[in-house]
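I opened my notebook to look up a few things in this structure. Here is what I wrote down as I went.

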Amino acid sequence: MAAKTRVVIVGGGVLGTMHAVEARGRGFEVVQLERETEPRGASVRNFGLVWVSGRRAGPELSLALRARELWSELGAKVPGLGFRAAGSLTLAASDAELSLLKEAAARPDAERRGFELLDPAAVRAVNPALRGEFAGGLHGRLDAIVEPRQVLPALRGYLAAGCQGQGGYEWLPGREVTEIAPNAVRDHTGAWHQCDLVILCPGAAHTGIAGRYLARGGGVRRVRLQMMQTVPLEARVTTALADGDSLRYYPAFDLPGRAALPPQPPAAARARAQLLLVQRADGGLTIGDTHEYAEPFAFDLDEDAYDHLRARAEALLGGPLPRVQRRWAGVYSELEPAAAGRALYHRAEVEPGVVLVTGPGGRGMTCSPAIAEETFR
Ligand SMILES: Cc1cc2nc3c(=O)[nH]c(=O)nc-3n(C[C@H](O)[C@H](O)[C@H](O)COP(=O)(O)OP(=O)(O)OC[C@H]3O[C@@H](n4cnc5c(N)ncnc54)[C@H](O)[C@@H]3O)c2cc1C
(Lines give C-alpha, C1' and ligand atoms only; values in the text may rest on other atoms or scores of the structure.)
Protein backbone atom coordinates (compact mmCIF):
# COMPACT_ATOMS: atom_id res chain seq x y z
CA MET A 1 0.00 0.00 0.00
CA ALA A 2 1.40 3.40 -1.00
CA ALA A 3 1.69 6.37 1.36
CA LYS A 4 -1.47 8.03 -0.01
CA THR A 5 -3.55 4.95 0.61
CA ARG A 6 -6.93 5.94 1.97
CA VAL A 7 -8.50 3.69 4.59
CA VAL A 8 -12.14 3.85 5.65
CA ILE A 9 -12.78 2.45 9.11
CA VAL A 10 -16.34 1.57 10.07
CA GLY A 11 -16.89 1.65 13.84
CA GLY A 12 -15.67 4.06 16.47
CA GLY A 13 -15.02 1.51 19.26
CA VAL A 14 -11.59 0.58 20.49
CA LEU A 15 -10.93 -1.87 17.65
CA GLY A 16 -11.83 0.68 14.96
CA THR A 17 -9.88 3.42 16.72
CA MET A 18 -6.76 1.28 17.24
CA HIS A 19 -6.91 0.43 13.52
CA ALA A 20 -7.04 4.18 12.85
CA VAL A 21 -3.95 4.69 15.04
CA GLU A 22 -2.10 1.89 13.25
CA ALA A 23 -3.12 3.15 9.78
CA ARG A 24 -2.03 6.72 10.54
CA GLY A 25 1.23 5.36 11.96
CA ARG A 26 1.85 3.87 8.53
CA GLY A 27 1.12 7.22 6.84
CA PHE A 28 -2.27 6.26 5.43
CA GLU A 29 -5.17 8.69 5.24
CA VAL A 30 -8.02 7.59 7.50
CA VAL A 31 -11.74 8.30 7.49
CA GLN A 32 -13.55 6.77 10.49
CA LEU A 33 -17.34 6.49 10.55
CA GLU A 34 -19.43 5.77 13.65
CA ARG A 35 -23.20 5.36 13.67
CA GLU A 36 -23.67 6.96 17.12
CA THR A 37 -22.87 10.60 17.84
CA GLU A 38 -20.34 9.17 20.32
CA PRO A 39 -19.54 5.44 20.66
CA ARG A 40 -21.77 3.70 23.19
CA GLY A 41 -20.65 0.06 22.78
CA ALA A 42 -18.49 -2.34 24.77
CA SER A 43 -15.45 -0.07 24.50
CA VAL A 44 -16.94 2.54 26.83
CA ARG A 45 -18.77 0.06 29.09
CA ASN A 46 -15.81 -2.06 30.14
CA PHE A 47 -13.47 -2.07 33.17
CA GLY A 48 -10.54 -0.63 31.25
CA LEU A 49 -8.51 -3.64 32.30
CA VAL A 50 -5.42 -4.42 30.26
CA TRP A 51 -5.44 -7.97 31.60
CA VAL A 52 -2.42 -10.07 30.70
CA SER A 53 -2.14 -12.44 33.64
CA GLY A 54 -5.05 -14.79 32.98
CA ARG A 55 -4.41 -15.48 29.28
CA ARG A 56 -3.99 -18.93 27.78
CA ALA A 57 -0.35 -19.93 27.24
CA GLY A 58 0.76 -19.56 23.62
CA PRO A 59 -0.61 -17.11 21.02
CA GLU A 60 -3.18 -15.58 23.42
CA LEU A 61 -0.56 -14.68 26.01
CA SER A 62 1.81 -13.42 23.30
CA LEU A 63 -0.92 -11.21 21.79
CA ALA A 64 -1.78 -9.77 25.22
CA LEU A 65 1.88 -9.13 26.06
CA ARG A 66 2.43 -7.32 22.76
CA ALA A 67 -0.74 -5.31 23.37
CA ARG A 68 0.48 -4.43 26.88
CA GLU A 69 3.69 -3.00 25.35
CA LEU A 70 1.67 -0.98 22.83
CA TRP A 71 -0.71 0.36 25.52
CA SER A 72 2.28 1.40 27.59
CA GLU A 73 3.83 3.26 24.61
CA LEU A 74 0.52 4.92 23.78
CA GLY A 75 -0.04 5.79 27.44
CA ALA A 76 3.23 7.73 27.47
CA LYS A 77 2.15 9.71 24.38
CA VAL A 78 -1.54 10.16 25.24
CA PRO A 79 -2.03 11.02 28.95
CA GLY A 80 -5.80 11.11 28.42
CA LEU A 81 -5.88 7.31 28.23
CA GLY A 82 -5.26 7.24 31.97
CA PHE A 83 -2.88 4.30 31.48
CA ARG A 84 -1.38 3.07 34.73
CA ALA A 85 0.72 -0.03 35.33
CA ALA A 86 -1.21 -0.76 38.53
CA GLY A 87 -0.99 -4.55 38.45
CA SER A 88 -3.70 -6.82 39.81
CA LEU A 89 -4.41 -8.99 42.84
CA THR A 90 -6.45 -12.17 42.52
CA LEU A 91 -7.57 -13.05 46.03
CA ALA A 92 -8.23 -16.50 47.45
CA ALA A 93 -10.98 -16.85 50.05
CA SER A 94 -10.58 -20.60 50.65
CA ASP A 95 -7.89 -23.29 50.76
CA ALA A 96 -9.02 -24.63 47.38
CA GLU A 97 -8.61 -21.21 45.76
CA LEU A 98 -5.25 -20.70 47.46
CA SER A 99 -3.99 -24.09 46.19
CA LEU A 100 -4.96 -23.08 42.66
CA LEU A 101 -3.14 -19.76 43.02
CA LYS A 102 -0.07 -21.69 44.18
CA GLU A 103 -0.27 -23.88 41.09
CA ALA A 104 -0.56 -20.79 38.89
CA ALA A 105 2.43 -19.17 40.57
CA ALA A 106 4.43 -22.34 39.81
CA ARG A 107 3.57 -22.31 36.09
CA PRO A 108 6.67 -22.37 33.88
CA ASP A 109 5.50 -19.05 32.35
CA ALA A 110 4.68 -17.41 35.71
CA GLU A 111 7.52 -14.91 35.35
CA ARG A 112 6.34 -13.92 31.86
CA ARG A 113 2.91 -13.18 33.33
CA GLY A 114 4.35 -11.20 36.23
CA PHE A 115 2.90 -13.67 38.77
CA GLU A 116 3.93 -13.68 42.41
CA LEU A 117 2.11 -15.46 45.24
CA LEU A 118 1.64 -13.26 48.32
CA ASP A 119 0.51 -14.04 51.87
CA PRO A 120 -2.18 -11.79 53.41
CA ALA A 121 0.34 -9.39 54.98
CA ALA A 122 2.19 -8.99 51.68
CA VAL A 123 -1.15 -8.48 49.87
CA ARG A 124 -1.96 -5.62 52.28
CA ALA A 125 1.49 -4.13 51.77
CA VAL A 126 0.81 -3.96 48.00
CA ASN A 127 -2.78 -2.79 48.42
CA PRO A 128 -3.53 -1.31 51.88
CA ALA A 129 -7.21 -0.78 50.93
CA LEU A 130 -7.71 -4.56 51.42
CA ARG A 131 -8.78 -4.69 55.06
CA GLY A 132 -11.02 -7.75 54.75
CA GLU A 133 -10.53 -11.50 54.96
CA PHE A 134 -8.55 -13.56 52.44
CA ALA A 135 -6.11 -16.46 52.52
CA GLY A 136 -3.59 -14.99 50.08
CA GLY A 137 -3.32 -13.38 46.68
CA LEU A 138 -1.68 -13.67 43.31
CA HIS A 139 0.01 -10.46 42.22
CA GLY A 140 -0.22 -9.94 38.45
CA ARG A 141 2.40 -7.25 38.05
CA LEU A 142 1.83 -6.76 34.30
CA ASP A 143 -1.90 -6.04 34.42
CA ALA A 144 -2.76 -2.40 33.80
CA ILE A 145 -5.70 0.00 33.77
CA VAL A 146 -6.98 2.62 31.32
CA GLU A 147 -10.03 4.90 31.58
CA PRO A 148 -12.66 3.50 29.19
CA ARG A 149 -14.74 6.69 29.15
CA GLN A 150 -11.69 8.67 28.03
CA VAL A 151 -9.79 6.31 25.75
CA LEU A 152 -11.70 6.87 22.50
CA PRO A 153 -11.84 10.70 22.56
CA ALA A 154 -8.21 10.81 23.76
CA LEU A 155 -7.04 8.64 20.86
CA ARG A 156 -9.07 10.68 18.38
CA GLY A 157 -7.51 13.85 19.77
CA TYR A 158 -4.08 12.30 19.34
CA LEU A 159 -4.88 11.32 15.75
CA ALA A 160 -6.21 14.76 14.90
CA ALA A 161 -3.24 16.55 16.53
CA GLY A 162 -0.75 14.25 14.82
CA CYS A 163 -2.01 15.40 11.48
CA GLN A 164 -1.25 19.07 12.32
CA GLY A 165 -4.17 20.41 10.37
CA GLN A 166 -2.95 18.77 7.17
CA GLY A 167 -5.82 16.35 6.99
CA GLY A 168 -5.08 12.69 7.18
CA TYR A 169 -7.66 11.80 9.84
CA GLU A 170 -11.35 12.50 9.55
CA TRP A 171 -13.85 11.46 12.25
CA LEU A 172 -17.45 11.21 11.05
CA PRO A 173 -19.85 10.42 13.94
CA GLY A 174 -23.57 9.94 13.41
CA ARG A 175 -22.97 8.06 10.14
CA GLU A 176 -24.13 4.47 9.84
CA VAL A 177 -22.52 2.59 6.98
CA THR A 178 -25.23 0.79 5.04
CA GLU A 179 -23.57 -0.28 1.79
CA ILE A 180 -20.22 -1.48 0.51
CA ALA A 181 -19.12 -1.19 -3.12
CA PRO A 182 -15.69 -1.72 -4.69
CA ASN A 183 -13.38 0.94 -3.17
CA ALA A 184 -16.15 2.81 -1.36
CA VAL A 185 -18.76 2.68 1.39
CA ARG A 186 -22.05 4.56 1.62
CA ASP A 187 -23.49 5.92 4.86
CA HIS A 188 -27.16 6.29 5.77
CA THR A 189 -27.25 9.91 4.53
CA GLY A 190 -26.42 8.63 1.05
CA ALA A 191 -22.85 10.01 1.06
CA TRP A 192 -20.15 7.83 -0.52
CA HIS A 193 -16.65 7.57 0.95
CA GLN A 194 -14.00 6.48 -1.56
CA CYS A 195 -11.01 4.48 -0.36
CA ASP A 196 -8.43 1.79 -1.12
CA LEU A 197 -9.21 -0.34 1.91
CA VAL A 198 -12.24 -0.77 4.19
CA ILE A 199 -11.90 -2.07 7.73
CA LEU A 200 -15.17 -3.07 9.39
CA CYS A 201 -15.08 -3.03 13.20
CA PRO A 202 -18.80 -3.20 14.06
CA GLY A 203 -18.38 -4.77 17.51
CA ALA A 204 -21.44 -6.77 18.58
CA ALA A 205 -23.59 -5.43 15.69
CA HIS A 206 -23.85 -8.86 14.08
CA THR A 207 -26.82 -8.03 11.84
CA GLY A 208 -25.92 -4.67 10.27
CA ILE A 209 -23.33 -4.06 7.57
CA ALA A 210 -21.33 -7.11 8.65
CA GLY A 211 -24.44 -9.30 9.02
CA ARG A 212 -24.35 -11.05 5.68
CA TYR A 213 -20.67 -11.95 6.11
CA LEU A 214 -21.09 -13.22 9.65
CA ALA A 215 -24.19 -15.17 8.63
CA ARG A 216 -21.99 -17.21 6.28
CA GLY A 217 -20.43 -18.81 9.34
CA GLY A 218 -18.45 -16.10 11.08
CA GLY A 219 -18.45 -18.27 14.20
CA VAL A 220 -19.24 -15.38 16.56
CA ARG A 221 -21.78 -14.99 19.35
CA ARG A 222 -22.71 -12.21 21.73
CA VAL A 223 -22.28 -12.06 25.50
CA ARG A 224 -24.05 -9.67 27.88
CA LEU A 225 -22.49 -8.47 31.16
CA GLN A 226 -23.78 -6.43 34.11
CA MET A 227 -21.67 -3.70 35.69
CA MET A 228 -21.94 -0.98 38.33
CA GLN A 229 -19.93 1.99 39.52
CA THR A 230 -19.81 3.66 42.94
CA VAL A 231 -19.24 7.24 43.94
CA PRO A 232 -15.57 7.87 44.85
CA LEU A 233 -14.01 5.81 47.65
CA GLU A 234 -11.65 7.89 49.74
CA ALA A 235 -9.03 5.13 50.10
CA ARG A 236 -6.74 4.39 47.17
CA VAL A 237 -7.18 0.91 45.72
CA THR A 238 -3.69 0.56 44.29
CA THR A 239 -4.28 -2.52 42.08
CA ALA A 240 -7.13 -4.01 40.09
CA LEU A 241 -8.85 -6.78 42.07
CA ALA A 242 -10.33 -10.18 41.19
CA ASP A 243 -11.95 -12.74 43.47
CA GLY A 244 -11.55 -16.52 43.41
CA ASP A 245 -14.47 -16.91 41.00
CA SER A 246 -12.28 -15.38 38.28
CA LEU A 247 -10.19 -18.57 38.51
CA ARG A 248 -13.13 -20.37 36.87
CA TYR A 249 -13.08 -18.13 33.79
CA TYR A 250 -9.48 -17.22 32.91
CA PRO A 251 -7.67 -19.93 30.94
CA ALA A 252 -4.37 -19.46 32.81
CA PHE A 253 -6.07 -21.17 35.77
CA ASP A 254 -7.16 -24.21 33.82
CA LEU A 255 -4.93 -26.34 36.06
CA PRO A 256 -5.63 -29.53 38.05
CA GLY A 257 -6.65 -27.56 41.18
CA ARG A 258 -9.58 -25.96 39.34
CA ALA A 259 -11.54 -29.22 39.67
CA ALA A 260 -11.34 -28.89 43.48
CA LEU A 261 -13.12 -25.51 43.60
CA PRO A 262 -16.47 -25.85 45.38
CA PRO A 263 -19.63 -24.81 43.49
CA GLN A 264 -20.39 -21.07 43.38
CA PRO A 265 -23.26 -19.71 45.51
CA PRO A 266 -26.54 -20.10 43.53
CA ALA A 267 -26.92 -16.37 42.62
CA ALA A 268 -23.34 -16.26 41.35
CA ALA A 269 -23.70 -19.55 39.46
CA ARG A 270 -26.93 -18.34 37.78
CA ALA A 271 -25.29 -15.10 36.67
CA ARG A 272 -21.91 -16.73 35.97
CA ALA A 273 -20.46 -13.99 38.13
CA GLN A 274 -16.88 -13.17 39.01
CA LEU A 275 -15.77 -10.13 40.94
CA LEU A 276 -13.53 -7.70 39.11
CA LEU A 277 -12.99 -4.29 40.67
CA VAL A 278 -11.09 -1.29 39.35
CA GLN A 279 -10.76 2.13 40.90
CA ARG A 280 -11.37 4.89 38.38
CA ALA A 281 -9.17 7.95 38.15
CA ASP A 282 -11.83 9.93 40.09
CA GLY A 283 -11.89 7.35 42.93
CA GLY A 284 -15.15 5.59 41.92
CA LEU A 285 -15.11 1.79 41.82
CA THR A 286 -16.13 -0.06 38.67
CA ILE A 287 -17.46 -3.46 39.75
CA GLY A 288 -18.65 -6.46 37.74
CA ASP A 289 -19.33 -8.80 36.13
CA THR A 290 -21.78 -11.46 34.97
CA HIS A 291 -22.01 -13.49 31.74
CA GLU A 292 -25.23 -14.13 29.80
CA TYR A 293 -24.86 -16.21 26.63
CA ALA A 294 -28.40 -17.10 25.52
CA GLU A 295 -30.34 -14.60 23.42
CA PRO A 296 -32.74 -12.89 23.71
CA PHE A 297 -30.84 -11.14 26.47
CA ALA A 298 -32.61 -9.72 29.50
CA PHE A 299 -33.51 -6.09 28.89
CA ASP A 300 -33.40 -5.34 32.60
CA LEU A 301 -30.74 -5.59 35.30
CA ASP A 302 -30.77 -8.44 37.83
CA GLU A 303 -30.32 -7.24 41.40
CA ASP A 304 -29.32 -10.69 42.80
CA ALA A 305 -26.09 -10.56 40.83
CA TYR A 306 -25.36 -7.07 42.17
CA ASP A 307 -26.03 -8.17 45.77
CA HIS A 308 -23.54 -11.01 45.32
CA LEU A 309 -20.86 -8.77 43.79
CA ARG A 310 -21.34 -6.10 46.45
CA ALA A 311 -20.98 -8.67 49.25
CA ARG A 312 -17.81 -10.06 47.70
CA ALA A 313 -16.25 -6.60 47.27
CA GLU A 314 -17.15 -5.62 50.84
CA ALA A 315 -15.65 -8.85 52.21
CA LEU A 316 -12.31 -8.05 50.54
CA LEU A 317 -12.27 -4.34 51.36
CA GLY A 318 -13.43 -5.06 54.92
CA GLY A 319 -16.15 -2.40 54.95
CA PRO A 320 -19.24 -1.07 53.16
CA LEU A 321 -18.94 0.05 49.55
CA PRO A 322 -19.72 3.66 48.72
CA ARG A 323 -23.16 4.31 47.18
CA VAL A 324 -23.65 2.79 43.74
CA GLN A 325 -24.19 5.65 41.34
CA ARG A 326 -24.45 3.89 37.98
CA ARG A 327 -25.50 0.47 36.69
CA TRP A 328 -25.38 -0.73 33.12
CA ALA A 329 -25.10 -3.79 30.93
CA GLY A 330 -22.80 -4.22 27.98
CA VAL A 331 -22.57 -6.69 25.11
CA TYR A 332 -19.45 -7.91 23.39
CA SER A 333 -18.79 -10.13 20.42
CA GLU A 334 -16.71 -13.27 20.89
CA LEU A 335 -15.82 -16.41 18.97
CA GLU A 336 -18.14 -19.38 19.40
CA PRO A 337 -16.45 -22.04 21.56
CA ALA A 338 -15.96 -24.24 18.46
CA ALA A 339 -14.02 -21.48 16.68
CA ALA A 340 -12.15 -20.31 19.77
CA GLY A 341 -9.68 -23.20 19.58
CA ARG A 342 -8.52 -22.06 16.12
CA ALA A 343 -8.27 -18.27 16.51
CA LEU A 344 -8.34 -15.50 19.10
CA TYR A 345 -10.77 -13.24 17.24
CA HIS A 346 -12.52 -13.06 13.87
CA ARG A 347 -10.72 -11.44 10.94
CA ALA A 348 -11.62 -12.10 7.30
CA GLU A 349 -11.24 -10.33 3.97
CA VAL A 350 -14.95 -10.48 3.16
CA GLU A 351 -14.70 -8.70 -0.22
CA PRO A 352 -11.57 -7.65 -2.08
CA GLY A 353 -10.17 -4.78 -0.03
CA VAL A 354 -12.74 -5.16 2.79
CA VAL A 355 -11.52 -6.62 6.07
CA LEU A 356 -13.91 -7.47 8.92
CA VAL A 357 -12.46 -7.60 12.43
CA THR A 358 -14.56 -8.44 15.48
CA GLY A 359 -15.12 -11.10 18.15
CA PRO A 360 -12.19 -10.50 20.53
CA GLY A 361 -14.49 -11.23 23.49
CA GLY A 362 -13.67 -10.16 27.02
CA ARG A 363 -10.07 -9.40 26.06
CA GLY A 364 -10.91 -6.88 23.32
CA MET A 365 -9.86 -3.76 25.21
CA THR A 366 -6.62 -5.46 26.25
CA CYS A 367 -5.66 -6.84 22.86
CA SER A 368 -6.98 -4.08 20.56
CA PRO A 369 -3.64 -2.39 19.71
CA ALA A 370 -1.99 -5.72 18.91
CA ILE A 371 -5.00 -6.88 16.85
CA ALA A 372 -4.78 -3.69 14.76
CA GLU A 373 -1.06 -4.25 14.29
CA GLU A 374 -1.72 -7.82 13.07
CA THR A 375 -4.34 -6.61 10.57
CA PHE A 376 -1.89 -4.25 8.86
CA ARG A 377 0.97 -6.70 9.07
C1 LIG B 1 -19.12 -4.89 30.42
C2 LIG B 1 -17.88 -5.23 29.66
C3 LIG B 1 -16.65 -5.27 30.32
C4 LIG B 1 -15.49 -5.57 29.62
N5 LIG B 1 -14.28 -5.46 30.23
C6 LIG B 1 -13.14 -5.58 29.53
C7 LIG B 1 -11.89 -5.29 30.10
O8 LIG B 1 -11.81 -4.80 31.22
N9 LIG B 1 -10.76 -5.57 29.37
C10 LIG B 1 -10.82 -6.05 28.10
O11 LIG B 1 -9.79 -6.34 27.52
N12 LIG B 1 -12.03 -6.21 27.47
C13 LIG B 1 -13.17 -5.98 28.15
N14 LIG B 1 -14.38 -6.14 27.53
C15 LIG B 1 -14.40 -6.46 26.11
C16 LIG B 1 -14.14 -5.23 25.26
O17 LIG B 1 -14.81 -4.11 25.79
C18 LIG B 1 -14.60 -5.46 23.81
O19 LIG B 1 -14.03 -6.66 23.30
C20 LIG B 1 -14.16 -4.31 22.91
O21 LIG B 1 -14.52 -3.06 23.47
C22 LIG B 1 -14.75 -4.47 21.51
O23 LIG B 1 -14.42 -3.32 20.77
P24 LIG B 1 -15.11 -3.07 19.35
O25 LIG B 1 -14.54 -1.81 18.82
O26 LIG B 1 -15.01 -4.31 18.53
O27 LIG B 1 -16.67 -2.94 19.69
P28 LIG B 1 -17.57 -1.70 20.17
O29 LIG B 1 -16.96 -0.99 21.31
O30 LIG B 1 -18.94 -2.25 20.37
O31 LIG B 1 -17.55 -0.72 18.95
C32 LIG B 1 -18.18 -1.00 17.72
C33 LIG B 1 -18.68 0.32 17.18
O34 LIG B 1 -19.11 0.15 15.83
C35 LIG B 1 -20.25 0.97 15.63
N36 LIG B 1 -20.95 0.45 14.44
C37 LIG B 1 -21.52 -0.76 14.28
N38 LIG B 1 -22.05 -0.87 13.04
C39 LIG B 1 -21.80 0.29 12.40
C40 LIG B 1 -22.09 0.78 11.09
N41 LIG B 1 -22.74 0.05 10.19
N42 LIG B 1 -21.67 2.03 10.77
C43 LIG B 1 -21.01 2.81 11.66
N44 LIG B 1 -20.71 2.39 12.92
C45 LIG B 1 -21.09 1.14 13.28
C46 LIG B 1 -21.02 0.83 16.93
O47 LIG B 1 -21.94 1.90 17.11
C48 LIG B 1 -19.90 0.83 17.95
O49 LIG B 1 -19.62 2.14 18.45
C50 LIG B 1 -15.56 -5.86 28.22
C51 LIG B 1 -16.79 -5.82 27.57
C52 LIG B 1 -17.95 -5.50 28.26
C53 LIG B 1 -19.25 -5.45 27.54
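**Entry 1: the ligand**

Which residue has a backbone N or O atom 2.8 Å from a nitrogen atom of the ligand? I found that it is Leu49. I reminded myself that this is a predicted model.

I then asked how much of the ligand the protein buries. Taken alone, the ligand exposes 1000 Å², and the protein buries 96% of that. I also noted which elements give two or more residues to the shell around the ligand: α1 (14–25), β2 (29–34), α2 (42–45), β13 (220–230), β17 (324–335) and α12 (364–376).

Next I looked up oxygen atoms of the ligand. One is 3.2 Å from a polar backbone atom of Val14. I also read a distance of 3.4 Å between an oxygen atom of the ligand and a polar backbone atom of Gly364.

How many residues are around the ligand, and which come nearest? I counted 39, and the nearest are Glu34, Ser43, Leu49, Gly361 and Thr366. Sorting the shell by class, I got 19 nonpolar, 13 polar and 7 charged residues.

**Entry 2: two helices**

I turned to helix α3 (residues 59–77) and asked at what angle α3 and α12 pack. The angle is about 95°, and the axes are 7 Å apart. Angles of 65 to 115 degrees count as roughly perpendicular, so α3 and α12 are roughly perpendicular to each other.

I listed the residues that meet there. From α3 they are Leu63, Ala64, Arg66, Ala67, Leu70 and Trp71. From α12 they include Met365, Thr366, Cys367, Pro369 and Ile371, along with Glu373 and Glu374. By class, I wrote down 10 nonpolar, 2 polar and 3 charged residues for this contact.

**Entry 3: the backbone**

Where are the cis peptide bonds I looked up? One joins Gly288 and Asp289, with omega at about -5°. Another joins Glu295 and Pro296, with omega at about 5°. I placed Asp289 in the loop between β16 (285–288) and α10 (303–317), and Pro296 is in the loop between β16 and α10 too.

My last stop was Asn183, which has a positive phi of about 60° although Asn183 is not a glycine. Asn183 lies in the loop between β9 (177–181) and β10 (184–187).

Definitions and conventions:
Residues numbered from 1 in each chain as written. Predicted model: local features only at pLDDT ≥ 70, side-chain atom pairs only at ≥ 80, totals over all residues. Heavy atoms only, no water. Near = heavy atom within 4 Å. Polar contact = N/O pair within 3.5 Å; in protein donor to acceptor, adjacent residues only side chain to side chain. Areas by Shrake-Rupley, 256 points an atom, 1.4 Å probe, with all protein chains shown as cover. Helix = DSSP H or I, 4+ residues; strand = E, 2+ residues; numbered from the N terminus. Nonpolar A, V, L, I, M, F, W, Y, C, P; charged D, E, K, R; others polar. Axes fitted to C-alpha atoms, helices over the stretch in contact; angles between N-to-C directions. Parallel < 35°, antiparallel > 145°, perpendicular 65-115°, else oblique. Contact = heavy atoms within 4.5 Å.
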